[in-house]
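Okay, quick one from me today.

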Amino acid sequence: MELTRHQIREIAFQTLFALNTNDQTDWKDFFQVLTSGKYGDDYPEYLHQLISGVLEHKAEIDHTIEKYLAASWSLGRIARTDLIILEIAIYEMVYVDDMPAKVSINEAIELAKKFSDDRSRKFVNGILSHALEELVK
């Protein structure tokens, strides 16, 4: 059984969260733990793309997020869970050609529902909706 992109996003979120806490985390080992070794060494290419892409483009992605924060807010004030969800979605919206931006937004909202709370879901939706307006120009 192959992982869906939704499942891969969840694993990417969990992995990026772990890396945020401990930058020595090995994403392949973490994948094995999260999937109970069910997939062996068959690492989804999209998982690697999301993790490495978010890390590689973090500065640009975070700059994009900062543009849509209220004047009194900074990245440091955003909950880590919400920031990582936003980073994954912005990465997909900017760098993944075969992914419609609205799908990325919907997936980010689903991640927020699962890993955060209702206020975070609304916050994530607001930031990404503003980013979408800029990205489609």
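**The core and its helices**

So, of the 42 residues in the largest nonpolar core, the ones touching the most other members are L47, I65, I88 and L128. By nonpolar core I mean buried Ala, Val, Leu, Ile, Met, Phe, Trp, Tyr and Cys residues joined through side-chain atoms within 4.5 Å, where buried is under 20% relative accessible area with a 1.4 Å probe, protein chains only. At least two residues of this core come from each of α1 (5-21), α2 (27-34), α3, α4, α5, α6 (101-115) and α7, and α5 gives the largest share, nine residues. Helices here are DSSP runs of H or I, at least four residues, numbered from the N terminus.

Two housekeeping points. This is a predicted model, so local features need pLDDT of at least 70 and side-chain atom pairs 80 or more, while totals for chains, interfaces and linings use all residues. Numbering starts from 1 along each chain as its sequence is written, and side-chain values use heavy atoms, leaving out hydrogens and water.

Back to I88: beyond its neighbours within four places in sequence, I88 is in contact (heavy atoms within 4.5 Å) with R9, A12, F13, L16, L50 and V54.

Now α4, residues 58-67: which of its residues are buried? I61, D62, T64 and I65. Down the axis of α4 they fall within an arc of 155°, taken from the directions from the axis to the C-beta atoms, so they line one face of the helix. Their cover includes α3 (45-56), α5 (80-95) and α7 (118-135).

Notes
Buried means under 20% relative accessible area, exposed over 50%, partly exposed in between (1.4 Å probe, protein chains only).
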